[in-house]
Amino acid sequence: MIENGKISHNQFKLLVILCYIGTSILLTPATLASEAKQDAWIACILGLLIGLLLVMLYNSLANNLYNMTLVEYCEKVLGKWIGKLISLLFILFLFINCSTLVYVLGNFVTTQIMPETPIQFNNILFVIVVIIGTRLGLESFARASEILYPWVLGLFIILIVLLCKDINFENLQPVFEYGGKPIIKGSLLYVSYSSLTLIPLMMIFPAYVKNTEEAKKSFLSGTLIGGIIILIITLLSILVLGSNITARNAFPAYILAKKINIGNFLERLEPIITILWFITVFYKSILYFYGAVLGLSQILKLKDYRTLTLPLGMILVVLSLIVYPNSTYADEWNTTTWLSFSLTYGFFLPLLLLIIGNLRKNKSKI
């Protein structure tokens, strides 16, 4: 093992929650509302149920992994060369996704908070933090989640309480106006942004998590808690802003925070959602970056994965600046290509490994 640390199942649950929320808390309401309109919350519930089934698949695969990461198991099940090839493609998937997360964060800061600050500066600063966190190791950033998660939860509860007076339940009507097709399409897109993006956790679980059986329960409960948080923010967006405004804004949750006004005294509380989002997107990014660095180190048989953090971090900054030429291209790619891209590595790859692994296990018993 080139990672010596191990985390508890509770720490693993916090990583699952923070990874699940990730960018979804800012982006998902708009995606769901553009597809399912005022029924976005129904699509969210359906997507969460599909996500829980997906986590059950990951838990089943974990029974075969023992103390191996997904990359190591690929080589064991598929053979040395095919296994390495598939592993490299998987690492590329993690790395590209990490660069898109950095792009989204840089784009958000540049367009919403500091328009005069170059996106290059924002991306470099964020990647430096990700590199430092990765070099400190799994145990360190998992322990930090125990400090940061209560802040995420507390800020989220404050946001809900302050928005209660602006809720209009008529915004949910009429229910099922456009039928089931937009709801199903919306739920699949939601799964691609949430549950399918939990796959980097298979570079940690079960190899570096104590008590595998408890960790499986944490995987499910973490997904459920993360899903409930996204459901609430989606419902709030529809109830307060309405489906049309939610669908037209790239960051509707941020617009929600802007609407807070208590007696013309307490207003402009966007920092609530900004801090909350920075924490969750940091954890999602570090899990992707950590998974890519660890996986590549295992393929190259390195003794310490930390030697790769700086060079890969520099490449990550450059890739985050060119991965999407502009926001229009990003929206087009996310609605047309992202679902099949994430399904390939988030569903079909673990399913393939599970089937082949079980076949080989049964064959060895005969």
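**Two packed helices**

Reply: In this predicted model, helix α5, which covers residues 80-113, packs with helix α6, residues 119-136, at an angle of about 130°, and the axes of the two helices lie 9 Å apart. Angles over 145 degrees would count as roughly antiparallel and those from 65 to 115 as roughly perpendicular, and α5 and α6 are therefore oblique to each other. The crossing in which α5 passes α6 is right-handed. On the α5 side, the contact is made by Val102, Tyr103, Leu105, Gly106, Asn107, Val109 and Thr110, while α6 contributes Ile119, Asn122, Asn123, Phe126 and Val127.

Turning to the cysteines, a disulfide is a covalent bond between the sulfur atoms of two cysteines. With a cut-off of 2.5 Å between cysteine sulfur atoms, the count of disulfides comes to zero. Cys44 is in no disulfide, and the nearest cysteine sulfur to it, that of Cys19, is 16 Å away. For Cys98, which is likewise in no disulfide, the nearest cysteine sulfur is that of Cys19, at 11 Å. Since buried means under 20% relative accessible area, Cys44 counts as buried because its relative accessibility is 1%, and Cys98 is buried as well, with a relative accessible area of 1%.

Key:
Residues numbered from 1 in each chain as written. Predicted model: local features only at pLDDT ≥ 70, side-chain atom pairs only at ≥ 80, totals over all residues. Heavy atoms only, no water. Buried < 20%, exposed > 50% of the residue type's maximum accessible area, 1.4 Å probe, protein only. Axes fitted to C-alpha atoms, helices over the stretch in contact; angles between N-to-C directions. Helix = DSSP H or I, 4+ residues; strand = E, 2+ residues; numbered from the N terminus. Parallel < 35°, antiparallel > 145°, perpendicular 65-115°, else oblique. Left-handed = near helix turned anticlockwise from the far one by under 90°. Contact = heavy atoms within 4.5 Å.
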